[in-house]
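Please read its points with the sequence and the model at hand.

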Amino acid sequence: MSVTSAHGTAHSDTAAIQSATIETRDWLIAAAAAIVALIALYAVFMDNGSLISATGDYLHEFAHDGRHLFGAPCH
Amino acid sequence: MTKSPESPDSPTAPRTTSKSPSPTTTSSPVLPLLGRGLLAGGIGGLAAGLFSLLLAEPLMDKAIRAEEARAHEHEPAGGAVEHHEELFSRSTQHAGLVIALVVAGLAIGVLFAVAYALVHRRDPRGNPWPRALAFCAAAFCAVSLFPALRYPAAPPGVGDAGTVGDRQQMWLGAVVIGVLGMFLVWQVYVRLAPRPVPLRQGAVAVTAALVLALLWTLPDNPDPVPVSATLLWDFRMLSLASHVLMWAVFAAVFGGLGLRAVRAKAPAPTDTADEAESVEADYGSVAPVR
């Protein structure tokens with residue numbers, strides 16, 4: 001796909017639309033990744049048994065030392 | 001002059017001339033940045049994890065032995081203080097430290113990349129090295145230094161299970177103030193661009209100091225700290241050192257990958273060569289960060 005201004009108007013319009021679509025898609029992927037990242041940070045630093053409550057405080061205890069070291073509240 | 005937009009590096013490619021400000025000039029650089037953020041965060045988290053495994057774990061083991069001794073002395077029933085030994089052995093928790101920091105590094109890398117892409121979305125072609133350093137310095141202040149100054153890290157054995165919810169809210173509050181505060185600092189820096197440099201830098205320093213002061217509007221940590229001052233100081237220094245190490249490694253990897261992407265594009269088509277060369281000419285220089 002050619003995207004330079006040297007090409008005709010119709011061609012660059014198509015390119016512009018395609019580029020905008022790609023950009024939208026990329027930002028949606030980024031937003032999804034950010035949500036996953038926030039969940040991961042919650043699991044590591046904030047969870048007190050609510051994510052896997054049936055089996056106990058596993059996430060908290062596994063990440064226990066990391067929480068203390070990072071400065072996240074722990075008990 | 002045909003370039004596939006799906007190729008991994010192409011979204012950052014300067015691919016149009018300045019005389020055509022069509023949407024193609026702002027092609028999203030966000031996916032390559034996500035990749036760089038993940039790699040930088042993973043390596044930074046691993047570095048911090050191994051550093052802490054070597055230096056901070058002996059201290060944490062010592063703190064837990066002291067905690068157990070205190071529990072035997074004062075209340076044999078134990079209660080909240082004996083839970084550390086219940087689910088995982090200490091050696092599993094040692095491994096958990098490294099894994100937790102790697103996971104946290106990856107997640108921080110993603111958020112960092114998204115913030116970096118948003119902040120630089122109008123001008124994605126600046127020199128990536130000074131940008132990475134400046135952004136990492138800001139992120140270090142926002143999520144590491146400022147919250148750590150307000151709520152310093154506590155070794156195992158410090159921290160009441162009954163107050164953990166409150167302390168988490170305070171800590172999150174400190175991180176949020178740190179992040180919004182560094183955003184404000186950046187805005188001050190950008191908006192005072194036409195002013196004299198001393199005024200601009202002074203305003204940035206005053207804003208940062210005000211953000212730091214604002215953290216003291218949050219309530220104090222309610223928990224007593226029944227450990228020796230030496231152990232506490234050593235632990236807090238090691239905690240801060242692991243933060244510094246994570247961000248330093250992060251900045252080097254993120255900035256280095258950015259430079260590599262620019263260099264890979266140096267033999268670009270003729271209409272983009274000027275842009276690529278102008279960035280390349282900035283290697284190692286102290287180019288102004290925008």
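Which residues of chain B does UniProt list for "transmembrane region"? The unreviewed entry lists residues 37-56, 95-119, 131-149, 169-190, 202-218 and 238-259 of chain B.

1. Basis of the note. This is a predicted model, in which local features need pLDDT of at least 70 and side-chain atom pairs count only at pLDDT 80 or more, while totals for chains, interfaces and linings use all residues. Residues are numbered from 1 along each chain as its sequence is written, and chains are lettered from A and ligands numbered from 1 in the order in which they are written.

2. Confidence. The average pLDDT (the predictor's confidence in each residue, from 0 to 100) of chain B is 83, and 78% of its residues score at least 70. For the complex, the predictor gives an ipTM of 0.81 and a pTM of 0.81. Residues 78-85 of chain B remain under 50 in pLDDT, and the model has 10 contacts for them beyond four places in sequence; a contact means that two C-beta atoms, placed from the backbone, lie within 7 Å. Residues 280-287 of chain B also stay under 50, with nine such contacts.

3. Annotated spans. UniProt positions are given in the numbering used here, feature names are shortened, and annotations may be inferred rather than shown by experiment. In chain A, the unreviewed entry lists residues 27-45 as "transmembrane region"; this span is 100% helix and 0% strand, with its end C-alpha atoms 26 Å apart. Helices (H or I, at least four residues) and strands (E, at least two) are DSSP runs, numbered from the N terminus. In chain B, residues 37-56 are 95% helix and 0% strand, and their end C-alpha atoms are 26 Å apart. Residues 95-119 of chain B are 100% helix and 0% strand, and here the end C-alpha atoms are 36 Å apart.

4. Helices H1 and H7 of chain B. Helix H1 (residues 30-55) packs against helix H7 (residues 229-264) at an angle of about 150°, with the axes 8 Å apart. Axes are lines fitted to C-alpha atoms, for helices over the stretch in contact, and angles run from 0 to 180 degrees between N-to-C directions. H1(B) is therefore roughly antiparallel to H7(B), a term for angles over 145 degrees.

5. Helices H1 and H3 of chain B. The angle between H1(B) and helix H3 (residues 90-119) of chain B is about 150°, and their axes are 6 Å apart. These two helices, H1(B) and H3(B), are therefore roughly antiparallel to each other.

Key:
Parallel < 35°, antiparallel > 145°, perpendicular 65-115°, else oblique.
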